[in-house]
Amino acid sequence: MDITQPKYHNSSNKAFYYATWEWTAWDDLLHPLVNGNKARKLDGLLPLVEDHSVTDVVSCGGCQSAHAAAVAVSCAERGLKSHLLLRGERPEILTGYNLISTLYGNVKYVPRSLYAKREEMLTRHADLVAGNSGSVVWFNDLLETSFTTQTSGKPNLVQIDAHMNADSHPRKVAIINEGAADAVGLLGMIRLVQYLSQNHLFGKERTLKIVVDAGTGTTAVGLGLGALCLGLSWEVTGVMLADTVDGYRKKEKCLISDFKHCTAFHHIDHVLKGMDGGIVHWVERDHPRKFGNVKKGEVEACQQIAQQTGILVDPIYTLAAWELATLLSQEEAKGGAKVVMLHTGGTLGMFGLAQRYKSYFHAVKDGLLV
């Protein structure tokens with residue numbers, strides 16, 4: 001985690017206007033390949049893997065899924081096997097997150113018609129990996145078991161060596177939802193809030209506006225929940241990328257309900273009093289579009305930001321948060337809450353975009369724009 005305070009820029013004479021704000025929480029520096037919110041979500045998941053003797057992990061994502069790559073790398077680092085179901089067809093040339101997933105994990109491409117039924121698809125594949133003697137469990141169930149064990153005082157499951165030959169011990173397969181969009185993924189985000197609220201970083205007294213791009217919405221909900229539980233005056237804004245306002249609000253309620261159920265953390269009810277409108281302020285992207293699409297000029301905008309600030313954003317996710325944080329920083333220039341953008345990583349996805357949107361990348365091949 002690095003927190004930078006770039007200077008204020010006014011480039012209104014160019015095609016893209018931006019102003020940097022008080023802080024950028026540069027969470028893309030955590031790990032060369034596992035960074036941003038993907039690393040934070042796994043921060044809450046991986047301890048459960050080690051505590052419950054999991055041998056294999058099954059998950060899914062798009063062809064250039066940062067989540068799938070993060071799972072593959074994190075499992076390999078711990079001696080676990082990852083099995084990744086990627087939507088669509090195998091690219092002619094592997095690159096970006098797709099290449100990382102293939103190098104570190106076991107990748108299988110799934111037709112879109114089958115991928116649409118994610119739960120059924122994940123369960124069926126996990127059963128195949130487990131075999132006749134193995135077992136399959138969802139991560140939310142692991143979380144619930146962990147808290148039940150702590151409450152009852154019963155000893156935890158006996159750990160086994162993850163490097164043990166699969167033939168000498170039955171496989172235990174854990175399923176992670178697409179994007180780690182589970183209640184257990186909130187744990188890592190709450191830990192991030194606790195970290196950021198230290199006195200040498202943001203502290204607990206400041207009033208902040210946190211801006212984050214929202215795919216599944218889990219990151220924004222985790223940040224909002226963490227801020228509420230710690231009594232912080234932080235307003236979390238999620239820039240919607242993949243659903244409607246109603247869809248994200250429904251997801252927010254579902255995540256909080258599941259988290260409460262899994263952890264038996266009834267203090268949440270007290271914390272949520274008076275929060276009928278939800279804990280996250282969901283807003284449309286400045287230029288709405290179908291999820292995954294890139295508009296003309298956005299690749300150049302990312303290049304301009306990189307060259308003038310040293311911060312790399314991508315047109316699918318982090319550019320959306322950058323644009324909103326820019327707008328809010330202008331509104332707050334005369335005082336009030338400071339604006340913080342949480343960089344969620346995902347910049348390796350630019351390699352995949354360069355394959356898909358070749359014409360958009362022609363303008364950047366010669367370097368500095370004029």
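Helices here are DSSP runs of at least four residues, numbered from the N terminus. In this predicted model, helix 3 spans residues 96-104 and includes Leu 99.

Turning to charged contacts, the structure holds 10 salt bridges. One of them pairs Arg 87 with Glu 178, with the closest N and O atoms 3.8 Å apart. Arg 87 sits in strand 4 and Glu 178 in the loop between strand 7 and helix 7, so this contact ties together parts 91 residues apart in sequence. Glu 178 is partly exposed at 24% relative accessibility. Glu 178 also meets Arg 118 in a salt bridge, at 2.7 Å from N to O. Since Arg 118 belongs to helix 5 (residues 118-130), this pair ties together parts that are 60 residues apart in sequence.

A further salt bridge, between Glu 298 and Arg 285, has an N to O distance of 3.9 Å. Glu 298 lies in helix 11 and Arg 285 in the loop between strand 10 and helix 11, 13 residues apart. Glu 298 is buried at 5% relative accessibility, and Arg 285 is buried at 4%. Elsewhere, salt bridges with shared partners join Glu 50, Glu 77 and Arg 78 into one network.

Key
Residues numbered from 1 in each chain as written. Predicted model: local features only at pLDDT ≥ 70, side-chain atom pairs only at ≥ 80, totals over all residues. Heavy atoms only, no water. Helix = DSSP H or I, 4+ residues; strand = E, 2+ residues; numbered from the N terminus. Salt bridge = Lys/Arg side-chain N within 4 Å of Asp/Glu carboxyl O. Buried < 20%, exposed > 50% of the residue type's maximum accessible area, 1.4 Å probe, protein only.
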